[in-house]
Amino acid sequence: MTSSPPLQRLLNIMTTLRHPQAGCSWDRQQTFATLAPYTLEETYEVLDAIERQDYADLRDELGDVLFQVVFYAQMGQEQGLFNFDEVCNAISDKLERRHPHIFGADSENVAARWEQLKADERAEKALYSALDDIPQALPALMKAHKIQKRCAAVGFDWNTLAPVLDKVYEEIDEVMHEARQAVVDEQKLEEEIGDLLFATVNLARHLGHKAENALQVANRKFERRFRQVEEITRQQGLRLEEATQEQTG
């Protein structure tokens, strides 16, 4: 595989950084495990740039993510596991396999074929459960959504909204029951709160939304309103801790 000049430049830089003698001491010390937290951080920085519509920053953040891929590929090559070309070929093969309506003759039932292809891929990996290859490191709300979606794909799901909503109310009652005990079992209470969150994710999914996205919207709305409250108290010459609810509007 022949890389484009900019990509080849990046690959060469990565090779130099990992050189046993002439490379950077920090880059040489990294492993798959130590690099993983940086990959997660860079991914969130990409999402933040998209949210802010700062496309110059997005360009830079995408470069940081690409560098992570190149870094992993370099370490994989050093250990005889895989190289950058194999990473590129693997995703190319997957994209062609998952889009037979584009790269093949079958142009019908695209959505159904997509799910079947993914199921076939999981079967090829000899997975015992439909949940086996869900990443453990996913944010909790995203992971809950993916778990529920996988279960729904094999028929383990409610067909109507009413029982989904009933489950949310049931979990609220259970949280309050635990919270009102004379001696609160904090572990049990945490478990019930988790059940409530899981049920709420399921409600969002049945309504056609992702709880992670919805909560991000709520976070931004609350942050915007809180900043407005802070500004009101400053204009009144007060500290927020001293202001009443009536004074902050």
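A search of the whole structure, which is a predicted model, finds zero disulfides, a disulfide being a pair of cysteine sulfur atoms within 2.5 Å. In general terms, a disulfide is a covalent bond between the sulfur atoms of two cysteines. Of the cysteines, C24 is partly exposed, with a relative accessible area of 28%, whereas C151 counts as buried at 19% relative accessibility; buried means under 20% relative accessible area, exposed over 50%, and partly exposed in between, with a 1.4 Å probe and protein chains only. Residues are numbered from 1 along each chain as its sequence is written, and side-chain values use heavy atoms, with hydrogens and water left out. Local features need pLDDT of at least 70 and side-chain atom pairs count only at pLDDT 80 or more, while totals for chains, interfaces and linings use all residues.

The protein has 11 helices and zero strands, where helices (H or I, at least four residues) and strands (E, at least two) are DSSP runs numbered from the N terminus. Buried residues make up 24% of the 249 residues in the protein. Helix α8, which spans residues 140-153 and has 14 residues, reaches 20 Å from its first C-alpha to its last, close to the 20 Å expected at 1.5 Å a residue; the expected span is 1.5 Å times one less than the number of residues in the helix. The buried residues of α8 are L141, K143, A144, H145, Q148, R150 and C151. This helix is followed by G155, whose phi is positive, near 90 degrees.

The structure holds five aromatic pairs, rings of Phe, Tyr and Trp (its six-membered ring) being paired if their centres lie within 6.5 Å, with planes under 30 degrees apart counted as stacked, over 60 as edge-to-face and the rest as tilted. One of these pairs is formed by F32 and Y72, which are stacked at 6.0 Å centre to centre with 10 degrees between the planes. This pair links distant parts of the chain, since F32 lies in helix α3 and Y72 in helix α4 (residues 55-78), 40 residues apart. F32 is partly exposed, with a relative accessible area of 29%, whereas Y72 counts as buried at 19% relative accessibility. The rings of F67 and F71 have their centres 5.6 Å apart and their planes at 65 degrees, so this pair is edge-to-face. Both F67 and F71 lie in helix α4, four residues apart, about one turn of the helix. An α-helix has 3.6 residues a turn, so residues three or four places apart point the same way. F67 counts as partly exposed at 22% relative accessibility, while F71 is buried, with a relative accessible area of 0%.

Charged contacts were then considered. The whole structure contains 13 salt bridges, a salt bridge being a side-chain nitrogen of Lys or Arg within 4 Å of a carboxyl oxygen of Asp or Glu. Among them, the side chains of E78 and R18 meet at 2.5 Å, N to O. Because E78 lies in helix α4 and R18 in the loop between α1 (5-17) and α2 (25-29), the pair ties together parts that are 60 residues apart in sequence. E78 counts as partly exposed at 38% relative accessibility, whereas R18 counts as buried at 12%. A salt bridge is also formed by D60 with R59, the closest N and O atoms being 3.0 Å apart; here D60 counts as partly exposed at 39% relative accessibility, and R59 is exposed, with a relative accessible area of 57%. In the salt bridge of E171 with K167, the closest N and O atoms are 3.3 Å apart. E171 and K167 are separated by about one helical turn, because they are four residues apart in helix α9 (residues 162-179). E171 is buried, with a relative accessible area of 4%, whereas K167 counts as partly exposed at 28% relative accessibility. Salt bridges that share partners also join D48, R52, D54 and D57 into one network.

On the surface, L40, Y44, L47 and I50 form a nonpolar patch with about 360 Å² of accessible area together. Accessible areas come from the Shrake-Rupley method with a 1.4 Å probe, and for residues only the protein chains shown count as cover. Patches are made of residues with over 30% relative accessible area and no salt bridge, like charges being joined within 9 Å and nonpolar side chains (Val, Leu, Ile, Met, Phe, Trp, Tyr) within 5 Å. Y44 lies in helix α3 (residues 32-52) and counts as partly exposed at 35% relative accessibility.
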